[in-house]
Protein chains: 2
Amino acid sequence: MKLATLKSGGRDGRLVVVSRDLTAMTDAGEIAPTLQAAIDDWAVCGPKLEALAESLEHGSVPSERFHEHDALSPLPRAYQWADGSAYVNHVELVRKARGAEMPESFWTDPLMYQGGSDSFLAPRDPIRLGDEAWGIDMEGELAVIVDDVPMGASREVAAGRIRLLMLVNDVSLRGLIPAELGKGFGFFQSKPSSAFSPVAVTPDELGDKWDGGKVHLPLCVDYNGKPFGRANAGIDMTFDFPTLVAHAAKTRPLSAGTIIGSGTVSNKLDGEPGKPIAEGGVGYSCLAEIRMVETINTGAPKTPFMSFGDTVRIEMLDDKHHSVFGAIEQVVEKYEG
Amino acid sequence: MKLATLKSGGRDGRLVVVSRDLTAMTDAGEIAPTLQAAIDDWAVCGPKLEALAESLEHGSVPSERFHEHDALSPLPRAYQWADGSAYVNHVELVRKARGAEMPESFWTDPLMYQGGSDSFLAPRDPIRLGDEAWGIDMEGELAVIVDDVPMGASREVAAGRIRLLMLVNDVSLRGLIPAELGKGFGFFQSKPSSAFSPVAVTPDELGDKWDGGKVHLPLCVDYNGKPFGRANAGIDMTFDFPTLVAHAAKTRPLSAGTIIGSGTVSNKLDGEPGKPIAEGGVGYSCLAEIRMVETINTGAPKTPFMSFGDTVRIEMLDDKHHSVFGAIEQVVEKYEG
């Protein structure tokens with residue numbers, strides 16, 4: 001089942017079921033007005049939405065054309081967005097880029113930050129920011145939406161509470177990160193609003209590419225219209241989603257609709273940091289990483305952070321080259337308050 | 001106007017207007033079913049709720065007895081909870097307690113962390129946690145609920161978006177903080193669910209004790225039934241609420257219903273860390289602070305963190321000794337998953 005939230009409607013948009021091929025949709029308002037309402041009562045709404053999705057595939061319900069640019073993020077605002085950093089290769093490279101050592105414990109104890117969840121961007125919204133000097137970067141990631149998770153849940157319990165998957169562009173302001181992390185309280189101003197894919201999908205939509213913990217497909221990140229990253233989300237993910245969810249729930253319950261992110265998808269190649277696609281590598285899901293590899297290879301970063309006018313596209317294709325989640329596609333623009 | 005959220009109802013409870021003396025309430029469901037719904041459309045709902053509150057004071061609408069223990073936190077779950085650390089005295093002491101230096105910039109650049117907002121405790125709920133060894137502490141604070149705040153809002157614009165005030169118990173797990181902050185991503189497991197006061201009040205309820213930026217009243221913190229803290233929230237607040245709100249909005253808009261906290265209320269005395277109430281001081285709003293003062297005075301902390309069975313009460317009284325927000329009153333209990 002694939003679900004989207006249309007811009008028509010209030011702050012939380014309007015829930016629709018979308019066809020597997022992303023071309024058609026049907027209104028789900030009789031089951032639940034919004035995705036949050038559906039996830040609040042998933043035991044009841046989930047099966048009804050599945051039945052509606054089945055009817056949509058069979059053409060037995062009225063449908064309209066689905067346009068990805070009409071969609072908000074599936075949860076336009078959420079009660080929780082917590083982002084892991086499960087691809088430890090990325091963490092190691094970013095830390096190196098900051099001149100910081102990475103403790104060995106990072107390979108066994110998940111990193112996770114509490115993100116802002118009140119004002120997500122739509123997947124085709126521009127990324128409006130006040131200053132290019134903030135070091136604007138994209139981060140291509142996967143995320144899950146969970147049902148209620150009890151405090152102290154095991155990895156196994158957590159696994160059973162994953163309801164939906166999405167893609168994320170976790171926008172980061174690299175120039176603000178060192179000073180902010182230096183204050184010791186984590187990210188705040190350095191993490192502006194994130195955007196999620198046009199549709200959220202149930203795990204079964206991924207078939208055998210979802211093993212209950214990871215998604216075994218490349219994440220396609222294009223930068224200014226050119227292939228930039230094709231890292232496989234199933235490779236080098238040190239902590240899988242159930243592990244991340246259990247980590248988040250250690251000292252408090254997670255409410256239905258909580259979004260848990262993977263962190264930037266990142267692959268090593270033969271134990272070395274990934275190469276650019278043009279050189280036969282799988283590339284990168286964020287600019288910080290290519291800048292680090294450039295620093296290792298040439299002594300200095302060459303690729304600048306994003307400027308106003310730069311575009312990023314984040315998508316995931318299945319074995320038949322069909323888009324699973326639709327595409328996040330955003331241009332960076334100057335915010336004119 | 002004073003607003004509360006009753007436990008009857010769904011995940012977001014049921015909105016009621018409460019009388020100034022906290023004894024009576026009247027249903028506000030015809031105006032807005034929940035506080036989030038009211039704040040989502042405050043231009044319409046705010047004046048209607050004010051009119052209903054006026055009618056309640058005059059006895060011209062049906063009313064029932066209000067019991068604080070029937071209340072959830074005013075927003076039982078919120079789209080954002082960001083907590084400042086505006087009483088820099090507290091930050092300095094806590095950092096000293098951790099053996100960490102405090103940079104001078106902390107006096108000019110607000111500290112703020114992104115908190116979990118999906119599962120707040122009710123004001124009379126027990127604080128259930130898995131392990132006393134986590135170093136359980138309370139933190140008595142004030143918080144504001146804001147309307148939509150545009151990205152890049154000035155302090156003046158931010159000031160005009162403050163709609164309601166509450167008290168907070170920002171529960172902290174001191175034993176988990178050093179390792180978690182050492183990872184560089186801020187608090188996560190070390191900040192379990194917080195609790196807010198039984199009612200949220202509009203700023204005018206504070207009369208001249210609210211100057212548009214700070215609340216000039218003592219925060220009464222009782223620990224195990226004894227006075228523990230009487231620090232004045234208007235003293236030593238280095239960053240006032242509009243400054244904190246503007247800080248939060250620097251790189252992203254804040255959605256209506258965002259909660260911004262003050263951080264632990266803390267006063268110096270004649271330039272020295274505060275003294276216990278028994279010694280003529282104003283005491284403390286958290287245990288970490290008395291432990292630090294004990295360390296300064298005797299070389300080691302004497303007061304342990306909270307054990308199962310320990311209780312905390314957080315309240316604020318006006319000049320006539322009437323409770324403004326009702327009382328947060330919680331016992332620490334063992335969580336039996």
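Colleague: What is the area buried between chain B and chain A, and how much of it do carbon and sulfur atoms give?

Modeller: The two chains bury about 5000 Å² between them, with 53% of it from carbon and sulfur atoms. Buried area here is the accessible area (1.4 Å probe) that two parts lose on being put together, summed over both. B:Tyr79, B:Phe185 and B:Phe188 supply 20% of what chain B buries against chain A, more than any other three residues. This is a predicted model, in which local features need pLDDT of at least 70 and side-chain atom pairs pLDDT 80 or more, while totals for chains, interfaces and linings use all residues. Residues are numbered from 1 along each chain as written, chains are lettered from A and ligands numbered from 1 in the order written, and side-chain values use heavy atoms, without hydrogens and water.

Colleague: How do you know that the two copies are related as by a two-fold rotation axis?

Modeller: Chain B is superposed on chain A by a rotation of 180° with 0.0 Å of shift along the axis, at an RMSD of 0.0 Å. The copies are therefore related as by a two-fold axis. In chain B, the residue that comes closest to the axis is B:Gly186, with its C-alpha at 1.8 Å.

Colleague: What makes you say that the copies meet through the same surface?

Modeller: 100% of the interface residues of chain B are also interface residues in chain A, so the surface is the same. The contact count is 53 residues of chain B with 53 residues of chain A, contact meaning heavy atoms within 4.5 Å.

Colleague: Why is the pair of A:Arg77 and B:Asp40 called a salt bridge?

Modeller: The closest N and O atoms of A:Arg77 and B:Asp40 are 2.8 Å apart. The rule asks for a side-chain nitrogen of Lys or Arg within 4 Å of a carboxyl oxygen of Asp or Glu, so the pair qualifies. The bridge crosses between chains, from the loop between strand S5 (71-72) and strand S6 (81-84) of chain A to helix H1 of chain B. Helices (H or I, at least four residues) and strands (E, at least two) are DSSP runs numbered from the N terminus. A:Arg77 and B:Asp40 also belong to a salt-bridge network with A:Arg11, A:Asp12 and B:Asp148.

Colleague: Why is A:Arg77 called buried, and why is B:Asp40 called partly exposed?

Modeller: Buried means under 20% relative accessible area, exposed over 50%, and partly exposed in between (1.4 Å probe, protein chains only). A:Arg77 has 4% and is therefore buried, whereas B:Asp40 has 21% and counts as partly exposed.

Colleague: How many salt bridges are there between chain B and chain A?

Modeller: The count is nine.

Colleague: What makes the salt bridge of B:Glu92 and B:Lys268 a tie between parts apart in sequence?

Modeller: The N to O distance of B:Glu92 and B:Lys268 is 4.0 Å. B:Glu92 lies in helix H3 (residues 88-97) and B:Lys268 in strand S18, so the pair ties together parts of chain B that are 176 residues apart in sequence. B:Glu92 is partly exposed at 23%, and B:Lys268 is partly exposed at 29%.

Colleague: How do you know that H6(B) is largely enclosed?

Modeller: Seven of its eight residues are buried, so H6(B) is largely enclosed by the rest of the structure. Among those buried are B:Phe241, B:Leu244 and B:His247. The cover includes strand S10 (140-146), helix H4 (155-159) and strand S11 (162-169) of chain B.

Colleague: Why does B:Thr264 count as buried, and what is its side chain joined to?

Modeller: B:Thr264 has 1% relative accessibility and so counts as buried. Its place is the loop between strand S17 (258-261) and strand S18 (268-269) of chain B. The side chains of B:Thr264 and B:Glu139 are joined by a polar contact of 2.2 Å. That term needs a pair of N or O atoms within 3.5 Å; within protein, one must be able to donate a hydrogen and the other to accept it, and residues adjacent in sequence count only if both atoms are side-chain atoms.

Colleague: Why is A:His321 called exposed?

Modeller: A:His321 has 63% relative accessibility and therefore counts as exposed. A:His321 sits in the loop between strand S20 (311-315) and strand S21 (328-334) of chain A. Phi of A:His321 is near 65°, a positive value in a residue other than glycine.

How values were computed:
Least-squares fit on C-alpha atoms with pLDDT ≥ 70 in both.
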